[in-house]
Amino acid sequence: MASDGVDVAKMLKILTDSFDYVARLAGLEQDAGSHHAIAAVAVAVLALMLMQLCGSQKNGKDMSDIDEPMSPVCQDFRLCPPEVEPLRFRQDQLPMLDREVCRIYAVDHDKPPLGTGMKPSSGSFRPPKDVTSSLLQLRAACAEFDQGCAAGKWRSHEPLDDLFLSRHLIAADFDIARAAKLVQGYSSWRRELRGGVPPSLAWLKLGIACLPFEDVMGRPVILARARYFDAALPAEQFKTFYRGIVDAVIAHLLLKRTGELSETNPLEQYVLVLDVMGASRRNFAMSGVKVMVGESNTNYPDRLAQIFVLGVNMMVQGLWSMVSPMVHPRTRNKVTMANSNQTPALMRKLIGRPELLPPEYGGTGPELPAPEDARSLEDQAGRLAADAWRTLGATRFLEMSQLAGQIRAAWSDRGNFKLWIKSRGETSACVRSVPECVAFLLRLERGLQPGSPRFRDRPGCCSGGDWLGGCLSERAGGRSEERDVEQLALSATRSPQDLERRLSEICSDDSGSLQKAVIDFVTGQKEKDY
């Protein structure tokens, strides 16, 4: 059977094989729903692959425009403000949490205001173990990971409280040992990052996804426009971008906490709206699926509540109707597909406030600008992300990234450099002597101990922590421990061009404390310990 030259049977086989692949990748079993959220993401992205059937026009941005570092490790971006406390429920409060966990495990979306509350609940998808007793067991198993809470050490990430543990129980299908392992991995991962992943200029310029509003259930909505995604985007870079937008979701949810269990969004989840209108084969990459599966499985388990795929054509809907019976019902219940005619009504129901919705989604709000037309942080990232980043001081990373590409150096007089930021003009230059510059570069290096998690496994970073040596060693060979770091620092100060280039390289390889140290040094700010 064919339509417009398309072999539908062949496409159906590709789709089912792809589902098979994603299921294996996510650790899914045919009758298990422990990772239904991850599979739902894969379903949506695979729907994008089928948009090849719509046409072959080319879309997406030129990846050669992206020159930001792939995966900065040390961020020093704290997701949790000081006033937010962990949500731990007393014994008499646990039945309420128990009910909500059971509802979310069953993927029951009938709760008002999105649903009617009239649909009879299905007993088919009950948690395999008692929720309350499982939560108490997981609390005990994770006590050692949570010991820093009293001292506020967890402020760099979300608290490991009952909401956090409940999501991990669902993701692990109530396997306590597996859930505890996920929690331990998360805690270690955040320690290495030293917090969350801050906003990225490169990501904002692409305009792939934003966080503009919540739905009627109080769940933040990630709006992803597939036509702006380019398959040529490196997977590692996409991973950093993906982490950044989900961390913006987490920051927003933490900032709006009231100290009570939310009536409508009890486990602090989000919704993904994937707009595939205007997308083509250039906008699909299996590497993107791998990233979302891996990240959702490991670092953000059961954060995703629902996924809506907008702008699918009749053939995609037909294929989905054929394939969906083969998908686990809990996964199937998370996914909603809508064609262009159905999109306005669906989005109005989902968001509930037409003044927030752009006209293309059936609302009366302002148009959603194309990436090249975005003029503000709200245009680029969405209001929720912009507000959260400003509140937590994360916009400094954007400001530093802009400044880092503008470092300039020149001779002031014999033995001294003058350093400045191009946009501020040479009249703002700070004078630094050669010995002062050498000492500064060496201090950065000495601040990195061997095996430091801040830079381990970073591209261009050796296991011994000699990161600066790696940055400055274009002419140096051999193992990092054999490099003469002092000589490298001296060679970086032979001329203004060398110093300018080396300082820019350091900034381009880091978006955390080292970048701030360089900007402070160039602008004459008081030095701190780095």
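User: How many salt bridges does a search of the whole structure find?

Analyst: The search of this predicted model finds 23 salt bridges.

User: Which residue forms a salt bridge with Asp161?

Analyst: The partner of Asp161 is Arg257, with the closest N and O atoms 2.9 Å apart. This pair links distant parts of the chain, 96 residues apart. Asp161 is in the loop between helix 4 (131-141) and helix 5 (162-171), while Arg257 is in the loop between helix 8 (235-255) and strand 5 (270-275).

User: And is Asp161 buried or exposed?

Analyst: Asp161 counts as buried because its relative accessibility is 1%, under the 20% cut-off. Arg257 also counts as buried, at 17%.

User: What about Asp275, which side chain does it meet in a salt bridge?

Analyst: Asp275 meets the side chain of Arg227, at 3.5 Å from N to O. Here too the pair links distant parts of the chain, 48 residues apart: Asp275 belongs to strand 5, and Arg227 to the loop between strand 4 (220-225) and helix 8. Asp275 has 0% relative accessibility and so counts as buried; Arg227 counts as buried at 17%.

User: Where do Arg383 and Asp387 lie?

Analyst: Both lie in helix 14 (residues 383-391), four residues apart, which is about one turn of the helix. Arg383 counts as partly exposed at 39% relative accessibility, and Asp387 counts as partly exposed at 34%.

User: Which residues are linked in a network of salt bridges?

Analyst: Glu100, Arg103 and Lys111 are linked in such a network.

User: Changing topic to the backbone: which residues does a cis peptide bond join?

Analyst: A cis peptide bond joins Pro112 and Pro113, with omega about 10°. Pro113 is placed in the loop between helix 3 (94-105) and helix 4.

User: Why point that out?

Analyst: Because most peptide bonds are trans, and most residues other than glycine have a negative phi.

User: On phi, then, what is the value for Arg194?

Analyst: Phi of Arg194 is near 60°, a positive value in a residue that is not glycine. Arg194 lies in the loop between helix 6 (176-193) and helix 7 (201-206), and is partly exposed, with a relative accessible area of 33%.

User: And what is the phi of Glu268?

Analyst: Glu268 has a positive phi of about 50°, although it is not a glycine. Glu268 lies in the loop between helix 8 and strand 5. With a relative accessible area of 7%, Glu268 is buried.

Technical notes: Residues are numbered from 1 along each chain as its sequence is written. This is a predicted model: local features need pLDDT of at least 70, side-chain atom pairs count only at pLDDT 80 or more; totals for chains, interfaces and linings use all residues. Side-chain values use heavy atoms; hydrogens and water are left out. A salt bridge is a side-chain nitrogen of Lys or Arg within 4 Å of a carboxyl oxygen of Asp or Glu. Helices (H or I, at least four residues) and strands (E, at least two) are DSSP runs, numbered from the N terminus. Buried means under 20% relative accessible area, exposed over 50%, partly exposed in between (1.4 Å probe, protein chains only).
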